[in-house]
Amino acid sequence: MSPRIGVITFPGTLDDVDAARAALYSEAEAVPLWHADHDLRGVDAVIVPGGFSYGDYLRCGAIAKFAPVMTEVIDAAKRGMPVLGICNGFQILCEAGLLPGALLRNAGLHFVCRDQWLRVENAGTAWTTRYEPDAEILVPLKSGEGRYVADQSTVDELEAEGRVVFRYVGSNPNGSRNDIAGVTDARGRVVGLMPHPEHAIDALTGPTDDGLGMFLSVLDAVVKA
C-alpha cells in the first residue's frame with residue numbers, strides 16, 4: 001500500500017493540484033484535505049501548499065492558521081508527522097507556531113517570479129534526505145511576501161542547530177535574513193520553504209526535476225517509521 005500524503009485546500013489555494021501531482025510522481029497516494037474539516041483521513045504526511053489562503057487578508061496565513069484542519073495538523077506535527085509548507089504554506093506554518101519567524105513583504109516591495117538556485121543546508125530532515133549536503137537545486141520562486149525574518153537570537157539558534165534547510169544562492173531575491181529560503185523545526189519533521197519544489201518535478205514542465213527529491217525523501221521517512 002502506497003504512503004498517503006495529504007494536500008490541504010484553503011479558499012485561495014492555487015498550488016494544491018501541483019502538490020498532489022508531485023506526490024503522485026513520487027508514487028504516493030495524494031489525499032485531498034479540506035480546510036473546514038477536522039479530519040486528516042489517515043494520511044502519513046501533510047503538504048500545506050502555496051496560494052493566497054483567505055485572500056491573504058490581515059497577514060499571509062494569519063487566518064488560515066485558525067482553519068479546523070490546522071488544529072489537526074498542529075496536533076499531528078507534535079506527534080511527529082512530517083509536514084511541508086510551501087510558499088503560502090510556509091507562511092501558515094509560521095503563523096501557526098510550527099516554525100519560527102515570519103514572512104514579510106519582499107525588499108523593494110515587488111512580486112518576484114523566477115527560477116531560483118537553492119543550496120541544501122540540511123539533508124537530514126524528513127523532506128531532504130534524498131539530497132547531498134550542499135547540493136544546489138533549481139526550482140521556481142513566486143512570491144510577494146517571501147522575506148524571512150526573525151529576531152537575532154532565533155536566527156542564531158537556527159544557524160547553530162543546523163535548522164536552516166535551504167539558502168538562496170547568488171542574489172537574495174527578497175531580502176531574507178541570512179539568505180534563508182527554508183527552515184525546519186527542532187526534530188526535522190516540519191519544513192517550510194518559500195520556493196516551489198512541486199513545480200520542479202519533471203524537466204519537461206519545470207526548469208529541472210530537482211524538487212522531486214523532497215517528495216521522495218518523505219516517502220523514505222514514513223516507510224521507515
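1. In this predicted model, Cys-87 sits in the loop that runs between strand 4 (83-86) and helix 3, and its phi is near 60 degrees, a positive value in a residue other than glycine. Most residues other than glycine have a negative phi. Cys-87 counts as buried because its relative accessible area is 6%, which falls under the 20% cut-off.

2. Tyr-54 belongs to the loop between strand 3 (45-48) and helix 2 (68-78). With a relative accessibility of 22%, Tyr-54 counts as partly exposed, whereas Cys-87, at 6%, is buried.

3. Helix 3 itself is mostly covered, with eight of its eight residues buried; these are Asn-88, Gly-89, Phe-90, Gln-91, Ile-92, Leu-93, Cys-94 and Glu-95. Just after helix 3, Gly-97 adopts a positive phi of about 85 degrees.

4. Two aromatic pairs turn up when the whole structure is searched. One of them joins Phe-90 and Tyr-148 in a stacked arrangement, with 6.0 Å from centre to centre and 10 degrees between the planes; the pair counts as stacked because planes under 30 degrees apart are classed that way. This pair links distant parts of the chain, since Phe-90 is in helix 3 and Tyr-148 in strand 8 (residues 147-149), 58 residues apart. Both partners, Phe-90 and Tyr-148, are buried.

5. The largest pocket has a volume of about 210 Å³. Its lining comprises 19 residues, of which Phe-52, Asp-56, Phe-111, Ser-143 and Gly-144 are the closest to the pocket centre. Helix 3 (88-95) and strand 7 (136-143) are the elements that contribute two or more residues to this lining. By residue class, the lining of the largest pocket is made up of six nonpolar, eight polar and five charged residues.

6. Which residues does Ala-221 touch, not counting those up to four places away in sequence? Ala-221, which lies in helix 5 (residues 212-224), touches Ala-126 and Arg-189. The C-alpha atoms of Ala-221 and Ala-126 are 5.5 Å apart in space, although the two residues are 95 residues apart in sequence. Ala-221 counts as buried because its relative accessibility is 12%.

Technical notes
Residues are numbered from 1 along each chain as its sequence is written. This is a predicted model: local features need pLDDT of at least 70, side-chain atom pairs count only at pLDDT 80 or more; totals for chains, interfaces and linings use all residues. Side-chain values use heavy atoms; hydrogens and water are left out. On a 1 Å grid over the protein atoms alone, a cavity is a set of points where a 1.4 Å probe fits but cannot get out, and a pocket is an open set with protein on both sides within 12 Å along at least five of seven lines; lining residues have an atom within 4 Å of a point. Grid points are joined across faces, edges and corners, and a volume is the space filled by probe spheres set on the points. Helices (H or I, at least four residues) and strands (E, at least two) are DSSP runs, numbered from the N terminus. Ala, Val, Leu, Ile, Met, Phe, Trp, Tyr, Cys and Pro count as nonpolar, Asp, Glu, Lys and Arg as charged, and the others, Gly among them, as polar. Rings of Phe, Tyr and Trp (its six-membered ring) pair if their centres lie within 6.5 Å; planes under 30 degrees apart count as stacked, over 60 as edge-to-face and the rest as tilted. Buried means under 20% relative accessible area, exposed over 50%, partly exposed in between (1.4 Å probe, protein chains only). Contact means heavy atoms within 4.5 Å.
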